[in-house]
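Here's a quick briefing on a protein model, meant to be read with the structure open beside you.

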Amino acid sequence: MKRTAPVNRIIEFSNVDGPGNRTSIFVQSCPFRCLYCHNPETITMCISCGDCVATCPPTPKALSVQKGKVVWNQDACVMCDTCIHTCRHLSSPKITWMTPDDVAERLQLTLPFIEGITVSGGECTTYPEFLTDLFQKVHAMNKTCFLDSNGAWLYSGMPELMEQTDAVMLDVKAWDPQWHQELCSYPNDNVIANLAWLQEHHKLYEVRTVCLPDEPEHNEDTVRNVAEHLDPSIRYKLIKYRPFGVREEGLKQLGHSITSDDEIQRLKKIAEDAGARNIIVV
């Protein structure tokens with residue numbers, strides 16, 4: 001059986017997903033339920049409830065129900081995203097199951113203009129066999145392969161994939177286990193273990209933490225602990241919380257404010273005092 005993965009979308013050119021110009025591949029499904037997720041339509045698999053079919057613009061409809069399943073006609077789709085806004089299940093009907101060969105073929109047009117690929121999500125390491133095969137093909141093209149990951153699954157348990165992975169961009173959303181559970185509805189044991197494992201194996205490109213506007217103590221705890229456990233040469237990216245694209249549940253709990261410049265600079269100083277030397281504020 002071919003190794004496949006549900007691909008939500010492919011962005012041919014990106015300069016924010018690793019070094020150089022890269023093609024970013026977003027897969028579907030994630031065990032986290034982050035309150036501030038900016039890609040909430042990638043969290044779960046479509047259950048074919050049909051709500052999106054009813055709201056899909058007519059003439060012609062890009063969505064239909066066939067044999068009890070929602071089917072997406074990509075050629076008829078105008079990419080208005082009405083289906084995503086309609087969905088109550090943190091999903092999207094616009095998914096394409098692809099093999100590594102399918103993705104490799106898609107890369108051929110942009111190959112001369114990119115340094116490599118970055119696979120994101122959702123959580124990309126949900127599909128380790130697919131990624132291993134894909135990365136082998138991309139390396140044969142002399143391009144690099146990065147993972148954009150939340151660290152939900154232990155990397156030590158997927159040696160074939162990690163052998164083919166050039167580097168990982170790791171999200172550390174919260175250091176305190178209880179706060180991480182509140183933010184993401186998932187424990188952070190594997191995330192912390194992965195932070196150490198990646199450094200031991202020289203696979204960590206950067207760490208990212210979203211800093212919230214009204215949680216100074218939680219922000220400080222996470223930033224200080226990450227900085228203390230991070231090699232000074234590795235980039236630590238502090239990201240302001242922005243409400244744009246956040247689902248209603250997240251907005252109700254986290255609010256509509258953007259993290260202030262004062263707060264992000266305060267956290268940068270805390271990271272510096274804890275030993276971090278390569279800090280970027282976004």
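S29 sits in the loop between β2 and α1 (51-55). Its phi is near 100 degrees, a positive value in a residue other than glycine. S29 counts as buried, at 18% relative accessibility (buried means under 20% relative accessible area, exposed over 50%, partly exposed in between, with a 1.4 Å probe and protein chains only). Keep in mind that this is a predicted model: local features need pLDDT of at least 70, side-chain atom pairs count only at pLDDT 80 or more, and totals for chains, interfaces and linings use all residues. Residues are numbered from 1 along each chain as its sequence is written, and side-chain values use heavy atoms, with hydrogens and water left out.

- Most residues other than glycine have a negative phi, and most peptide bonds are trans.
- N142 has a positive phi too, near 65 degrees, and is not a glycine.
- You'll find N142 in the loop between α4 and β7 (144-149).
- Is N142 buried or exposed? At 70% relative accessibility, N142 counts as exposed.
- The peptide bond from G121 to G122 is cis, with omega near 20 degrees.
- G122 belongs to the loop between β6 and α4.

**Helix α3**

- Helices (H or I, at least four residues) and strands (E, at least two) are DSSP runs, numbered from the N terminus.
- In α3 (residues 100-107), the buried residues include P100, V103, A104 and L107.
- These residues are on the same side of α3 because they cover an arc of only 100 degrees around the axis (the arc is that of the directions from the helix axis to the C-beta atoms).
- Among the elements covering the buried residues of α3 are β2 (22-27), β5 (96-98), β6 (116-120) and α4 (128-140).

**The whole chain**

- The protein chain has 10 helices and 11 strands.
- Its radius of gyration is 19 Å, close to the 19 Å that the globule rule gives for 282 residues, so the chain is as compact as a globular protein of that length (the radius is taken over C-alpha atoms, and the rule is 2.2 Å times the number of residues to the power 0.38).
- The C-alpha trace spans about 60 × 45 × 30 Å along its principal axes.
- Of the 282 residues, 52% count as buried.
- Residues 24 or more positions apart make up 66% of the contacts with a separation of 6 or more (contact means heavy atoms within 4.5 Å).
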